[in-house]
Amino acid sequence: VTAADKQVAADPSGAEIVQDVTASGMHLRMLTVGLGSNVALQNIALQVALPLASVDHQVGHLRRVFLLVGFIGLLFAAAIVWFVASTALRPVRRLTSAAEEIAATRDLTLRIAETRRDELGRLALSFNSMLVALEASVGAQRQLVADASHELRTPLASLRTNVEVLHDLDKLPASMREDVIAGIVTQLEELTALVADVVELARGDEPAVHLEDVSYERIVEHAVARARRHWPELRFILGSSPVTVRAVPARLDRAVNNLLDNAGKFSPPRGQVDVALFPDGRLTVRDHGPGIPEDALPHVFERFYRSDEARGLPGSGLGLAIVAQVADSHGGRVRLSNAIDGGAVAELWLPPLPTPAPVPATVS
């Protein structure tokens, strides 16, 4: 009997309480009811208790079942998470393995076979696209080095022969001495031009980071002025319109100069070269020479390509390749064709910038 039980017995309103107790080592649930509503039974309470052994047994059994079910559920959830994560990260593992293999073997032909359409699939597709671009870039660099090495052999061999002749220069007639020295100078100039063209091509593979607003007609005018000094026996007729383009000035100037130089080489003596710059950003350079053979037209913009008619002329075969590279890096295009009435027409187009509207004058 506890103090709470005594308080229930003393309560005249007949209160009651339910509580769990332990008696003689038994777990019981006991109800204590006051009998104070009867005057003869005041300060008397009735206690009724039931053992909880069966309830405790069921609760213990349920506890074990719930723990087992919870543990199995946790294992099942972990298995599902592992399966989902493993499936989702499989492309990442393939991507990692491919990257490690490429880094170890330098083999850029490897690709990731991935058909998923989620973010990981897009990642694999982007990685494959990067490999394609990288393979093309490395291939172009190797081809450039191989072609340059091949083209450098001829002038170097000729230069070496003439330099070896210098050992017996004192035994040669004066006229032959001048021819040998002039040949060495010419070969050095050709070699310098070839190296400059190769460097320009290599630089053209770099991203253009020095773009600025350029006056296209001013570059064309300066290039025509230089061409007139370089080809004094030719007439360069220029017609230009104001055009502004987004370009690297030095590279655009090199491209225009190459077009004019190409037209000058194929023009007949005292011939004419027509140069026109249109408001839509289209530059045309036309010579009145023999034109280009039809079988050579598809190859004129290839590196080191020279048609049979051009092999006897000075040059490295890189001029038009540089023009094509400049056009491509500036979002433009270049085309070479034969004119109907003879000669060749080169067209270099760059996207022009919009001309700002004139500001109306204000009258005060």
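1. In this predicted model, helix α5 (residues 216-230) and helix α6 have axes that come within 9 Å and cross at roughly 45 degrees. The crossing of α5 and α6 is right-handed.

2. The residues that make this contact can be followed on both helices. On the α5 side they are Tyr216, Ile219, Val220, Ala223, Val224, Arg226, Ala227 and His230, and on the α6 side they are Pro249, Leu252, Asp253, Val256, Asn257, Leu260 and Asp261. Sorted by class, the contact of α5 with α6 comprises 10 nonpolar, two polar and three charged residues.

3. Helix α6 (residues 249-266) also meets helix α7 (residues 319-329), and here the axes come within 9 Å and cross at roughly 140 degrees. The crossing of α6 and α7 is left-handed, whereas that of α5 and α6 is right-handed.

4. For the α6 and α7 pair, the residues contributed by α6 are Arg251, Leu252, Arg254, Ala255, Asn258, Leu259 and Asn262, and they meet Gly319, Leu320, Ile322, Val323, Gln325, Val326 and Ser329 in α7. By class, this contact has seven nonpolar, five polar and two charged residues. A reader tracing α6 may wish to look at Leu252, which is listed in the contact with α7 and also in the contact with α5.

5. Turning to the strands, the model contains an open sheet of three strands in the order β1-β2-β3, with antiparallel pairing. The edge strands are β1 (16-23) and β3 (45-51), each of which pairs on one side only. From one strand to the next, the twist averages 25 degrees.

6. Within that sheet, β1 and strand β2 (residues 26-34) pair in the antiparallel sense over eight bridges. As one point of reference for inspecting this pairing, Val21 has Leu28 in β2 as its bridge partner. In general, the strands of a sheet pair through backbone hydrogen bonds, in either a parallel or an antiparallel manner.

7. A last point concerns Arg333, which is placed in strand β9 (residues 333-338). Although Arg333 and Leu348 are 15 residues apart along the chain, their C-alpha atoms are separated by 6.1 Å.

Definitions and conventions: Residues numbered from 1 in each chain as written. Predicted model: local features only at pLDDT ≥ 70, side-chain atom pairs only at ≥ 80, totals over all residues. Heavy atoms only, no water. Axes fitted to C-alpha atoms, helices over the stretch in contact; angles between N-to-C directions. Helix = DSSP H or I, 4+ residues; strand = E, 2+ residues; numbered from the N terminus. Left-handed = near helix turned anticlockwise from the far one by under 90°. Contact = heavy atoms within 4.5 Å. Nonpolar A, V, L, I, M, F, W, Y, C, P; charged D, E, K, R; others polar. Pairing = 2+ DSSP bridges.
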